[in-house]
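Please go through the following report with the coordinates open beside it. It moves from the overall picture to a helix pair and then to a few individual residues.

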Amino acid sequence: MSTSNSEPLTTENEVATCRGCGRALRGKPYYMGGIAYIPETGARAPANHFGGYVCSESCDRNACLEMLSSMPGAGPARRLDTPCEQSVRLNWSRS
Ligand SMILES: [Zn+2]
């Protein structure tokens with residue numbers, strides 16, 4: 001038997017993370033459902049257009065750009081496409 005020091009396979013310690021910058025948020029991971037909150041502000045972390053939580057508008061945009069760039073046949077994306085743009089706008093348009 002190999003005795004690697006791998007993490008125990010519990011979900012108890014899994015937390016939500018920002019898809020843009022990767023930092024930990026308060027709440028359950030996105031795939032587990034529920035709601036995540038941004039620790040500093042207590043505000044709800046919106047979901048990115050492609051899934052996952054994001055903690056700021058720039059993270060939201062970065063996460064979209066990353067996904068758009070990784071699509072087959074797509075070069076490095078410099079701007080968001082329309083659905084992404086709309087999603088980001090909706091997420092952060094609260095005044
Ligand atoms: Zn972030």
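Where is His 49 found? His 49 sits in the loop between strand 2 (36–37) and helix 1, where helices (H or I, at least four residues) and strands (E, at least two) are DSSP runs numbered from the N terminus.

This is a predicted model, in which local features need pLDDT of at least 70 and side-chain atom pairs count only at pLDDT 80 or more, while totals for chains, interfaces and linings use all residues. Residues are numbered from 1 along each chain as its sequence is written.

**Overall picture**

The protein chain averages a pLDDT (the predictor's confidence in each residue, from 0 to 100) of 88, and 85% of the residues score at least 70. Its secondary structure comes to 2 helices and 2 strands, and from the N terminus on the elements run β-β-α-α. Of the 95 residues of the protein chain, 24% count as buried; a residue is buried if 20 or more other C-beta atoms lie within 10 Å of its own, exposed if 12 or fewer, and partly exposed in between, with C-beta atoms placed from the backbone. Two residues are in contact if their C-beta atoms, placed in that way, lie within 7 Å, and of the contacts in the protein chain with a separation of 6 or more, 34% are accounted for by residues 24 or more positions apart.

**The helix pair**

Helix 1 (residues 57–70) packs with helix 2 (residues 82–92) at an angle of about 160°, and their axes are 10 Å apart; axes are lines fitted to C-alpha atoms, for helices over the stretch in contact, and angles run from 0 to 180 degrees between N-to-C directions. Helix 1 is therefore roughly antiparallel to helix 2, a term for angles over 145 degrees. On the side of helix 1 the contact is made by Glu 57, Asp 60, Arg 61, Cys 64 and Leu 68, and on the side of helix 2 by Cys 84, Val 88, Asn 91 and Trp 92.

**Individual residues**

Glu 57, in helix 1, is partly exposed, with 15 other C-beta atoms within 10 Å. Leaving aside neighbours within four places in sequence, Glu 57 is in contact with Val 88 and Trp 92.

Gly 20 lies in the segment before strand 1 and counts as buried because it has 22 C-beta neighbours inside 10 Å. Beyond four places in sequence, the contacts of Gly 20 include Val 54, Cys 55 and Ser 58.

Leu 25 is likewise placed in the segment before strand 1, and this residue is buried, with 21 other C-beta atoms within 10 Å. Residues touched by Leu 25, not counting those up to four places away in sequence, include Val 15, Ile 38, Tyr 53 and Cys 55.

His 49, with 22 C-beta neighbours inside 10 Å, counts as buried. Apart from neighbours within four places in sequence, His 49 is in contact with Cys 64, Pro 83, Cys 84 and Ser 87.

The table lists C-alpha separations for pairs that involve these residues.

| Pair | Separation along the chain | C-alpha to C-alpha distance |
|---|---|---|
| Glu 57 and Gly 20 | 37 residues | 9.3 Å |
| Leu 25 and Tyr 53 | 28 residues | 8.7 Å |
| His 49 and Gln 86 | 37 residues | 9.0 Å |
| Gly 20 and Val 54 | 34 residues | 6.0 Å |

Conventions
Angles under 35 degrees count as roughly parallel, over 145 as roughly antiparallel, 65 to 115 as roughly perpendicular and the rest as oblique.
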